[in-house]
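Me: Please go through this model with me, and state each cut-off when a term comes up.

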Amino acid sequence: AFSEGVANACLGVSPRALAVRVVARKPRALLHAEYVGVEIFRTREELLGSWGDDAIQQDGERLLAESLAGSLAHEDRIIVKTLSLSTILGVNLWERHYKQVVNFDLTLHNARPTAADPAVVSDAVARYRNYRTVVEQVTELVEKSTYRTVEALATAIARTAIKQCKVPKITVRVMKPSALVYAACSAVEITRRAADFGVSLDSQAGSRVASSSASPVSKSPNMSKLDVDSLASAVADLAEEQLSPVLHSAYIALGTNIGDRLANLHRALDLLRTDLPKSHLVETSFLYETAPMYVTDQPAFLNGACLVKTELEPMQLLDALQAIEAKMGRDYSMYRNGPRVIDLDILFYDELVMKNERLIIPHLLLHERRFQLAPLCDIDRDLMHHRKGKTTGALFRHLTTHSNVPNDIVQVTPLKLRNHSARASAEPGSGSGSSVGGTSDSDASGCVLRPLQPSHQKETIFMGILNCTPDSFSDGGDHDSLDAAIEHAQLLISAGADIIDIGGQSTRPGAAQVGVEEEIRRVVPVVKRIREAGIETPISVDTFYAGVAAAALDAGADIINDVTGGYFDADMLPLVAQRKCPYILMHMRGDPATMSTMNDYGEYDGDVVRGTRFELAQRVRAALDHGVPRWNIILDPGIGFAKEGAQNFEVLRRLPELTAKHIRAPAAAADSAASKTGKTLAPGSKETDGDGEEGFIDEDLATELVNYPVLVGSSRKRFIGAATGKKDAKDRVWGTAATVTAAIQGGAAIVRVHDVAEMVDVARVSDHIYRRQHD
C-alpha cells in the first residue's frame, strides 16, 4: 500500500509521466535478512483512470515504458534479500556433522492487484503477499533440513512457499559462502510456479486479471475491430464474474461447559448450518477439554473451532452468531467469563484487521488462549495474526514451549454420546464437565470422552470382538445365537473391554456379502438385548452398509466401524455426519472378496505405509467434506486388508508414520529407487530431488492425518499364523500379544482383540513402558 501511494504521488506531479517504477526497501525488517523490498510498476491509466488528453500521441512512449519494465509490467515483486540461516547442507563429512550458514534471496511474484483488490483498499496483507509468513515457513524448513545438494534445498523452499503459503510464483537463490576458497559463494537460482508442483491456486493469488471491469476499453491504433470486440466481451464476462457473491472465510471458536457439552457443540454446528444466512460450514477441528481460564471456579470446557464460508459482513455475522447463542439459551446476565451453554467467537475474518466497541478482529485475546489456538491450528496453522505478526501455529508453539501457563488442554474423542437407559440428554445445568482429561462419566448425559493422543493417554482402550456370524475366520458360529452373543458380550466386559464391536458380516479374505437385511437380523437384536440388560458400555457396529448402521444406532449402538472408509456405500458418510456418531475409518481396497489381490503398492514405490497414508487421507477428506466432525474420526490402517504378510509387519513397525506430518523414504526404498530409471511416482507426488532418505517425501495428501487417534486390529490374523506356524486362529493369542505391544509402542489408542483378558495384561505392562514414561 505504501508503494502504491508513492506511485500515485509520482504520477500526480507531472501530466507527462505515463508510468512509474517504485522500489521500496525496509532495512532490517527481518532479524536475519539484509532488507525486505517491494518492486511495482504502475501506469497513469491504472492509478488515475486515464492516459491523459493526448494518450494516442503518447502511445509509443507508453509501450516503450512497459517494454523497459519487462515482466514487472505484469507482476509485483516482494524481495527478501540475504536471509541468513544455519542448516546441514552438503555431501562432505564435516558438512553432515555441523551446520553452516547459508544465504537466501527470495522473490515473491504476484499478479498486479486491481483497483478493487482488498489488499489495496484495506491496506491489509494477504497471506500469499506476507513475507513474514513465507520466511517463517522457510526458516522452519531450512533449520530442520539435511539436504545434500543446493538444488534440492532450493526446490524444497519453492515447494513450501507455493503449497503452504499459496505464493503463485517464487524465485529462490541459495548461496553457500563456505563452498569455495577463491569465490564468495556457490549459488543456485530457480524459479517455480504453482503448476510445477501440481497446485491450483484460486483467484486470490495468481489468476487475477489486471484490468478491472470498470476500466474503459480504449482502442489502440494497432487494434482491429475484432480485437476490440473480443476485449469488450472479455471485460463483460469479467464484470459478470465480479457480480457473483464474495464468500469470506470466518474462523469461529466454540466453547461450552454447561449440561451435555458435546450435544451443545453439535447443536451449535447444526444451527450454523441452518440459521446462518448466506453461509455454509466447511470444516471442524478436533475436540479439546480445557480447564476454565480467568474464572477458575467452574466446570471444565469443551472447545472446538470451525471454518465458515459466508457472504455476511463481520457485524452481520456477529449478530447472527449472537442470535444462535440466545436460541441455545445463553444467559448474557452471567458474569464475564462465567459458565455458558455455548460461546461463539469470531477469531479471524479473511485477513481483516478491525476494531469497534462490539468486535475486534483478530480476536483480542487469541494469542494467550490455548483453547482457541489449538483447534484453530487443526484447520489452518498458517493463518497470519496481523496484530502480532505471527501465524497461529507460531503463537501456539510459543504458548506451549515458552509460556508459564499450565498445559491445561487435552484433545479428547467421543466414544459414547448418551446414556441409553435414560434415553435423554441432560438439560442445561443438570450436568457438569469433568476435570480435564476426560473420563467415562464426563457428563451427566452419559457421554464418554477419552484422551486418545499418546501425550495424554495413560491406558490402552480395548475393543472386544463379538462376531454374530457363521463364517468369521476365527470364531464363526460361536456366538450366532442371541443368548450366546449376550453371554460373550458380558464376558468381554468383565475381562476389561471398553467397547464391544458387533459384526454381522464376515470380512475375512474371500467372504461373500450377506446383504443389508440379513446383517440387520444378526446385529440389531444383540444391540437391543445389551441395552435392555442395562449395560452402558459403548457399542460399535462393524458394517459398511448405511442401512445397517442406521438400524444399529437406532437400537442403541454408539460407534460405526466401517472397513471400507465410506466408499462402499455412498450413503454412509452422510449418515455418520447426520447422526454425529464416532466413526472408525479403515483403509481397504476393493471388498473382502477381492482385497487379497489388491496388495500391490507399486505406484507408491512399493511403500505400503505411504500408500495407506495417501488413500486414508482421501477418505478422511471425503468424510470432512460430507460434514463428519473431525473430532469423531478414528483411523484404522487396515491390518490384513489389501496387505500381504510382510506388509502388515511393515505397517506395525512404522505405525507412528501413519499420522506424521511428513514421512521420509525408507533407506532401502531410496537405494532401490536410485538404481532405477523411469521411476513411477505416487499419484500427485513429486521427486525428492535426489536426496532420498535425507528429504521428506512430497505426498500431496488430500488432508493432513496429524493428531487423528488410531485403532489397530491385528488379532489372530493370518500373517501372525504365518510367522508362528499356528494354523488355528485361536492358537494365535501370544502372537497377537506381540502385535498389540507393537501397536501401543507405535501410539495406537485402541486395540481390537478377541482375547480381551490376556491382552489386558499385555497392554497394561506395555502402557507402563510406553505411555507412562514421564509419570
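Me: What does aspartate 350 count as, going by its relative accessibility?

Reply: Aspartate 350 counts as partly exposed because its relative accessibility is 30%. The classes are buried under 20% relative accessible area, exposed over 50% and partly exposed in between, with a 1.4 Å probe and protein chains only. Please note that this is a predicted model, in which local features need pLDDT of at least 70 and side-chain atom pairs count only at pLDDT 80 or more, while totals for chains, interfaces and linings use all residues. Residues are numbered from 1 along each chain as its sequence is written, and side-chain values use heavy atoms, with hydrogens and water left out.

Me: Where is aspartate 350 placed? And what is its phi?

Reply: Aspartate 350 is in the loop between S11 and strand S12 (354-355). Its phi is positive, about 50 degrees, although the residue is not a glycine. Helices and strands here are DSSP runs numbered from the N terminus (H or I, at least four residues, for helices; E, at least two, for strands).

Me: What is phi near in asparagine 337?

Reply: Phi of asparagine 337 is near 65 degrees, again a positive value in a residue other than glycine. Asparagine 337 is in the loop between helix H10 (314-327) and strand S11 (343-349).

Me: Cis or trans: which is the peptide bond from isoleucine 361 to proline 362?

Reply: That bond is cis, with omega near -10 degrees. Proline 362 is found in the loop between strand S13 (360-361) and helix H11 (370-379).

Me: Staying with H11, at what angle do its axis and that of H12 cross?

Reply: The axes of H11 and helix H12 (residues 392-401) cross at roughly 135 degrees and come within 9 Å. Axes are lines fitted to C-alpha atoms, for helices over the stretch in contact, and angles run from 0 to 180 degrees between N-to-C directions. That angle makes H11 oblique to H12; under 35 degrees counts as roughly parallel, over 145 as roughly antiparallel, 65 to 115 as roughly perpendicular and the rest as oblique.

Me: Left-handed or right-handed, the crossing of H11 and H12?

Reply: The crossing of H11 and H12 is left-handed. The term applies if the near helix is turned anticlockwise from the far one by less than a right angle, and right-handed if clockwise. The residues that make the contact include Leu373 and Leu376 of H11 and Leu395 and Phe396 of H12, where contact means heavy atoms within 4.5 Å. The contact of H11 with H12 divides into seven nonpolar, three polar and one charged. Ala, Val, Leu, Ile, Met, Phe, Trp, Tyr, Cys and Pro count as nonpolar, Asp, Glu, Lys and Arg as charged, and the others, Gly among them, as polar.

Me: And H6 with H7: how do those axes cross?

Reply: Helix H6 (residues 131-144) and helix H7 (residues 150-165) have axes that come within 10 Å and cross at roughly 135 degrees. H6 and H7 are therefore oblique to each other, and their crossing is right-handed. Val134, Val138 and Leu141 are among the H6 residues in the contact, and Leu153, Ile157 and Ala161 among those of H7. The contact of H6 with H7 holds nine nonpolar, four polar and no charged residues.

Me: New topic: which residues touch the most other members in the largest nonpolar core?

Reply: Leu276, Leu466, Ile502 and Ile633 do, in a core of 121 residues. Helix H17 (residues 608-625) gives the most to this core, with nine residues. A second, separate core has 39 residues, including Val102 and Ile162. A nonpolar core is a set of buried Ala, Val, Leu, Ile, Met, Phe, Trp, Tyr and Cys residues joined through side-chain atoms within 4.5 Å.

Me: Which residues is isoleucine 502 in contact with, leaving aside its neighbours within four places in sequence?

Reply: The contacts of isoleucine 502 include Leu466, Val523, Ile530, Ile539 and Asp542.

Me: Last one: what separates the C-alpha atoms of arginine 173 and glutamate 189?

Reply: These C-alpha atoms are separated by 4.1 Å, with the residues 16 apart along the chain. Arginine 173 is in strand S5 (residues 169-176) and counts as partly exposed at 30% relative accessibility. Beyond neighbours within four places in sequence, its contacts include Asn103, Asp105 and Glu189.
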